[in-house]
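Subject: Structure for you to look over

Dear colleague,

Please find the structure below. My notes on what turned up in it follow.

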Amino acid sequence: MMGEVEQSLGEHGGKQKPSCCSPSAMRDVGAVKTDEARLVAAESHGAGGDMVSLPGGTFLMGTDYPHGFPLDGEGPVRPVTVSPFEIDRFPVTNEEFAAFADATGYRTEAEVFGWSFVFWAHIPAERFEELVEDTVAAAQWWCKVPGAFWRQPEGPGSNVRERGRYPVVHVSWNDAQAYAAWASKSLPTEAQWEFAARGGLEQKLYPWGDELTPNGEHRCNVWQGRFPVEDTAEDGYAGSCPVDSFPPNGFGIYSATGNVWEWCADWFHNSFRAEPAKDPTGPASGQGKVMKGGSFLCHASYCNRYRVAARTSNTPDSSASNIGFRCARAV
């Protein structure tokens, strides 16, 4: 597998593509009957959780950063006003998602479809052939693993018993939406997410400033080494980490960049204008939903999308071992 990954890296290195982002599932939705118990959460329980109240205001959204990805629609920079809202201090954790699943009997799309994507290096080498059904042709580090879902993040034989405070993963946008409805919350709009992630700073690359590791200190969980074949884990983690592993931003919000991608409410598009906007929600329809924040797989050589203005998308039914979410609520 290592040779195949290195070959794929050589073929695709240097191109502007979301190589370390999560692949789209492209599942055959017609092959699975609608599971009403899964799609319709039980009574909303109005969970408050640990949320940060933000007064809203006007900020400069987007970026014209020369080393970014213009085709992603990162720019132009434009003034955006958001109304007051609350947002989760942390991404939703395994223990929080377990409370939802146990209370409602909810089955994630990874469970319904029977598989999810797992990063190749996190699959036990001695069980690789047994666990992996297929790999993504253009990014062979992404493996289709039957039986992988949020309780078994690396596939059968793995568990989250010691990862209660880690962000839940293998959740699709539809799964995140169901949890949010149960908690009497919503997924944040992209504008809300970016306002919160910036922590009161204006046009900085990261929630803490413009330097990735100020004074040599790691402030988020991203890849160190040569992606995707060598992860030196200099930040302390080769994979996801507890949601409070690094300091919060100026608003008291943790894990806004790195660790896991976070779903937003908006449909993705990449054609923004410089005019001011108030509480934008994105287009009425689309092919993919916005994801923000990057993940533990992001690396400057391939996918420096761990910047607050960076963005990508995925289909609403897709899931992988580096996709999670947090919730918001209007006030």
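Which residues of α6 are buried? They are Trp173, Asp175, Ala176, Ala178, Tyr179, Ala180 and Trp182. The model is predicted. Since seven of the ten residues in helix α6 (residues 173-182) are buried, the helix is largely enclosed by the rest of the structure. Its N-terminal end is capped by Ser172, with a side-chain oxygen 3.3 Å from the backbone nitrogen of Asn174. Just after α6, Ser184 has a positive phi of about 55°.

Strand β12 (residues 289-292) is covered on both faces, with Lys289 and Met291 buried on one side and Val290 and Lys292 on the other. β12 pairs antiparallel with strand β10 (residues 261-267) over three bridges, and Lys289 is the bridge partner of Trp267. Three bridges also join β12 to strand β13 (residues 312-314), again antiparallel; here Met291 is partnered by Thr312.

On salt bridges, the structure holds 17. One of them links Arg307 to Glu74, with the closest N and O atoms 2.8 Å apart. Arg307 lies in the loop between β12 and β13 and Glu74 in the loop between β2 (57-61) and β3 (78-82), so the pair ties together parts that are 233 residues apart in sequence. Both Arg307 and Glu74 are buried.

Glu194 and Arg198 form another salt bridge, at 3.0 Å from N to O. These two residues are four apart in helix α7 (residues 190-198), so about one helical turn separates them. Salt bridges with shared partners join Glu190, Glu194, Arg198, Lys292 and Arg311 into one network.

Regards

Technical notes
Residues numbered from 1 in each chain as written. Predicted model: local features only at pLDDT ≥ 70, side-chain atom pairs only at ≥ 80, totals over all residues. Heavy atoms only, no water. Buried < 20%, exposed > 50% of the residue type's maximum accessible area, 1.4 Å probe, protein only. Polar contact = N/O pair within 3.5 Å; in protein donor to acceptor, adjacent residues only side chain to side chain. Pairing = 2+ DSSP bridges. Salt bridge = Lys/Arg side-chain N within 4 Å of Asp/Glu carboxyl O.
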